[in-house]
Amino acid sequence: MASLSALKFTVRRKPAVLLAPAAPTPRELKPLSDIDDQDGLRFLIANIFFFQRRHSGRDVDDPVPVLRDAIATALVHYYPLAGHLRELEGKKLAVDCTGEGVLFVEADADDVRLEQFGERPPFPGVDELLFDLPGSNEILHAPLLHFQVTRLACGGFVLAFKIHHTMVDGQGVVQFMEAVAELARGAAVPTVRPVWGRELLMAPCNDTAPLRFPHREFDDLPAPDTERPAMVHRSFFFGPTEAAAVRSHLPPALRRVASTFDVLMGFLWRCRTAALAPPDKDEMRLLFTTSVRGKKNQSGGDPFIPIGYYGNSFATPAAISTAGELRAKPVGYAVDLVRKARREVDVEYLRSVAALMVRRGRPQLALAHAYLVSDVSKAGFDGIDVGWGKPVYGGPMRCSLDTTPVVCSFLTPAKNTIGEEGIILPVCLPPPAMDKFVEEMSNLLRPYEHVKAQPNNISLVIKAAL
């Protein structure tokens, strides 16, 4: 991968245009759900796709007109995305379906090639590949989508875009982009019919019944200190071998029932806490997104979230422990806390979050001493084919964020050097803490029997580090 500071290139952009739907669309005001419009989702999420040059011999090798036409056609089916947000009484958000369109920028970078960006985040020069236009980050009365297509010297190109999180979750983004991809490849209509359905996650009016869950993720805590030391960013591979090594440290009963996600999150949370070395009494929080897609009501029947729904359908439960206990207890303690928090999330839990939003004025997540992880490894970003084959990389533009109120990591799929499939763990920490993190991780990536045999040997080379 090129150094983030070493790679220099110039992007020539044409003026941004408003790309309207390819056909007339309904003009209406559509309220968002009480999960969509929570304060914690009122921002834009940026994604990026790197595509290689096409060698198919097709007549059209310029991706710009292909993508421009496909996006315009997709907006006929996903017409709310061509409007803008308005805030109603009680901080309620609604999308004004005006049909105005989305921002679209055509660009060229003739002095840089695809391979110079590397294959996974952090990518150099991404601010040039999705340039901030004046007003494009506004929440209200602004376009909901902003695209930039940048042609490269090698014949490859970069498709980058940002979209309001209040309108979509990760799987909703993939569903919309898969529609664009199908249309770009020549389909007449998208295979999956979009479903609005935001009333599914509206809290009942005047509901005063006690909430069924404590929702510690919304504890009323002081805002975190946003001033941080300089951070370093590194990525690590976590595959079957690494999962088995960490699982060997768990008690037999937990080893049998903990999911790979539980193991990964407990491992990451414990290592990160040990690396940061906060005071023992500090209450540490691991927040992680958990979707209810595919889950049913308690009464059974079809899945609660219908196929085609592209709104937000996840909760962000919290695993909570003092720093002292996290450090002193075996990693199984952290894994079990994650498992218990994850298993609590079902359809009723998400409905309870919706009710809490209305009753408490749409509060922010409790972010003091928190670390937020979003797993998009199975969302399908890496399968988006707009006619040039699958991307070299597709997914979040930045997989570790240290500029937001809480440090956040996005987990993405990858293969290691021997072809094993797994997940990339992006980590950002101050330099001394990163060294400690690697040491802690090395200890837990040695199978337990090896640790007992050689307790003082921490010379393991993390071959999966990227």
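Colleague: At roughly what angle do the axes of helix H1 and helix H3 cross?

Modeller: The axes of H1 (residues 63-77) and H3 (residues 170-184) cross at roughly 125° and come within 8 Å. This is a predicted model, in which local features need pLDDT of at least 70 and side-chain atom pairs count only at pLDDT 80 or more, while totals for chains, interfaces and linings use all residues. Residues are numbered from 1 along each chain as its sequence is written, and side-chain values use heavy atoms, with hydrogens and water left out. Helices (H or I, at least four residues) and strands (E, at least two) are DSSP runs, numbered from the N terminus.

Colleague: What makes H1 oblique to H3?

Modeller: Angles under 35 degrees count as roughly parallel, over 145 as roughly antiparallel, 65 to 115 as roughly perpendicular and the rest as oblique. The axes cross at roughly 125°, and therefore H1 is oblique to H3. The angle runs from 0 to 180 degrees between N-to-C directions, with axes fitted to C-alpha atoms over the stretch in contact. The crossing of H1 and H3 is right-handed; that is, the near helix is turned clockwise from the far one by less than a right angle.

Colleague: Which residues in H1 and H3 meet?

Modeller: Contact means heavy atoms within 4.5 Å. From H1, Val66, Leu67, Ala70, Ile71, Thr73, Ala74 and Leu75 meet Phe176, Val180, Leu183 and Ala184 of H3. This contact has ten nonpolar residues, one polar and no charged ones. Ala, Val, Leu, Ile, Met, Phe, Trp, Tyr, Cys and Pro count as nonpolar, Asp, Glu, Lys and Arg as charged, and the others, Gly among them, as polar.

Colleague: Why is H4 called roughly perpendicular to H6?

Modeller: H4 (residues 240-247) packs on H6 at an angle of about 75°, with the axes 10 Å apart. That angle makes H4 roughly perpendicular to H6. Ala243, Val246 and Arg247 in H4 meet Thr260, Val263 and Phe267 in H6, a contact of four nonpolar residues, one polar and one charged.

Colleague: What makes H6 oblique to H10?

Modeller: The axes of H6 and H10 (residues 431-444) come within 8 Å and cross at roughly 135°, which makes H6 oblique to H10. The crossing is right-handed. By class, their contact has ten nonpolar, no polar and four charged residues.

Colleague: Which element gives the largest share of the lining of the second largest pocket?

Modeller: H6 does, with four residues. The whole lining has 23 residues, and Arg228, Arg272, Leu276, His369 and Ala370 lie nearest the centre of the pocket. By class, the lining divides into 15 nonpolar, two polar and six charged residues.

Colleague: What is noted about the phi of Ala277?

Modeller: Ala277 has a positive phi of about 50° although it is not a glycine. Ala277 lies in the loop between H6 and E11.

Colleague: What kind of peptide bond joins Pro121 and Pro122?

Modeller: The bond is cis, with omega about 0°. Pro122 is placed in the loop between strand E7 (102-109) and helix H2 (126-129).

Terms used: On a 1 Å grid over the protein atoms alone, a cavity is a set of points where a 1.4 Å probe fits but cannot get out, and a pocket is an open set with protein on both sides within 12 Å along at least five of seven lines; lining residues have an atom within 4 Å of a point.
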